[in-house]
Amino acid sequence: MTYRTMRQRLILSAGSTVIMGLLLAAAANSQASAISYSPSNSDTSYTEHTPSTQAVPTSFHTSFWEDLELQHQDAWTALRQTFQWQELTLPPSAQARVDEWIEYYRASPENIATITERATPWLAWITQQVSDRGLPGEIALIPFVESSFDPSARSHRGAAGLWQFMPNTGDALGLVRNGNYDGRLDVLTSTAAALDYLEMQADQWYEGGIMLSLAAYNAGAGTVNRALHKAQNQGLAGDYWDLSLPHETMQYIPKLKAIATIINDPERFDISLPDIHMDPAFAKVKLEQPLSIAQASQLLDVSQSALAELNPGLLNGSIDPRNVQTLLVPEEADTQVLAQLSQTTSSQLASTQAPNVHRVERGDNLSAIASRYQVNQNDLIRWNALDRPNALQPGQLLTLSGQ
């Protein structure tokens, strides 16, 4: 039984207990209302009527269902509960900047659908990390603005990952980066680094001000500090909305505020959000031995593409404990197998290092398959008698040896 299954059963059990309690309370109230009081001279007496065995009055049904308000709990609900900027009253010029981006996003609902769908594996977990630090929930939507929630996103300037760290910034924050692994692409490590960075800058430069730290996250602390001093010298308070900053940074928080406003009330803006469970969509496995995605796929009976999507930091398709010890796997993976995987030894892995067959997945090509299994591409063509090597079909089985 997975954690999610156990949790759902507990919630259902707890819900049943609450409903039973409400029914009992309502029944008690119904009995109490059946006692009629009547003054008699100087005495106060009452007559107790026998409770009817007929159906519960309509008034009970109405009050019961009014009292019992069942709310659907999902990742979006959890996120909204952590928002802190929705009630802020902005100067008209600042609100106009936010409204401009709201209209921009409303004009392309298919883009929001694509990005929020891409956020599905990560949103619940990131929201929890932000909430645990007491940060505004809007921070969980920075990947929406930075990378469209694509963990593998790379910019032409060299930024990478959900949080779009530049190489030097990632290095300074301790994100390992080599030919086998890039911590900027690892959602767990990069999220921790991003939140550390925001809190550090807020405390160091802005007396805890997160909006100014966000501006510095985008433009650099030096640029923001110069703009801050200029605004203060002009007699302004020196909050984010007072500053004159590079164009991209001027739009940074209005974008974030706009998308948070839409997510806070999607029906108002005719936007549909995908269903995202409030529990993380992955489980974490601690490993002490090197392990390839192909090996984990066989051991867990999970597709290689699903594992690769959850572990984008593994550049060569293998986890090396010298760089990172945590492998993410789909949450529904068998818990017993996960326990065995975390205790797998080198000798046990040896038996899975040379699979005989590869099942083609969407997006596969012959060159990538040959590289993954360290075989010659021409051999693959010959072993499988491929007349059209560039036309592989999902589900197609390829033998990986000439035997």
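Colleague: Is Trp241 buried or exposed?
Modeller: In this predicted model, Trp241 has a relative accessibility of 13%, and because buried means under 20%, Trp241 counts as buried.

Colleague: And which ring does Trp241 pair with?
Modeller: Trp241 pairs with Tyr240, and since the ring centres are 5.0 Å apart while the planes stand at 80 degrees, the pair is edge-to-face. Tyr240 is buried as well, with a relative accessible area of 1%.

Colleague: How many aromatic pairs are there?
Modeller: The count comes to nine aromatic pairs. One of them joins Tyr104 and Tyr105, whose ring centres lie 5.6 Å apart with the planes at 70 degrees, so this pair is edge-to-face.

Colleague: What about Tyr104, buried or partly exposed?
Modeller: Tyr104 is partly exposed, at 48% relative accessibility, whereas Tyr105 is buried, at 10%.

Colleague: Changing topic, where is Asn311?
Modeller: Asn311 sits in the loop that runs between helix α14, residues 304-310, and strand β5, residues 318-319. Asn311 is buried, with a relative accessible area of 8%.

Colleague: What lies around the Asn311 side chain, then?
Modeller: A polar atom of that side chain lies 2.8 Å from the backbone oxygen of Leu307. If we leave aside the neighbours within four places in sequence, Asn311 is in contact with Thr326, Leu327 and Leu328.

Colleague: Now to α6: which residues are buried there?
Modeller: Helix α6 covers residues 123-132, and its buried residues are Leu123, Ala124, Trp125, Ile126, Thr127 and Val130.

Colleague: Why would residues three or four places apart point the same way?
Modeller: An α-helix has 3.6 residues a turn, so residues with that spacing point the same way.

Colleague: Stepping back, how many helices and strands are in the protein chain?
Modeller: The protein chain has 18 helices and eight strands, and of its 403 residues 42% are buried.

Colleague: What share of the contacts join residues at least 24 apart?
Modeller: If we take the contacts between residues at least 6 apart in sequence, 65% of them join residues at least 24 apart.

Key
Residues are numbered from 1 along each chain as its sequence is written. Side-chain values use heavy atoms; hydrogens and water are left out. Buried means under 20% relative accessible area, exposed over 50%, partly exposed in between (1.4 Å probe, protein chains only). Helices (H or I, at least four residues) and strands (E, at least two) are DSSP runs, numbered from the N terminus. A polar contact is a pair of N or O atoms within 3.5 Å; within protein, one must be able to donate a hydrogen and the other to accept it, and residues adjacent in sequence count only if both atoms are side-chain atoms. Contact means heavy atoms within 4.5 Å. Rings of Phe, Tyr and Trp (its six-membered ring) pair if their centres lie within 6.5 Å; planes under 30 degrees apart count as stacked, over 60 as edge-to-face and the rest as tilted.
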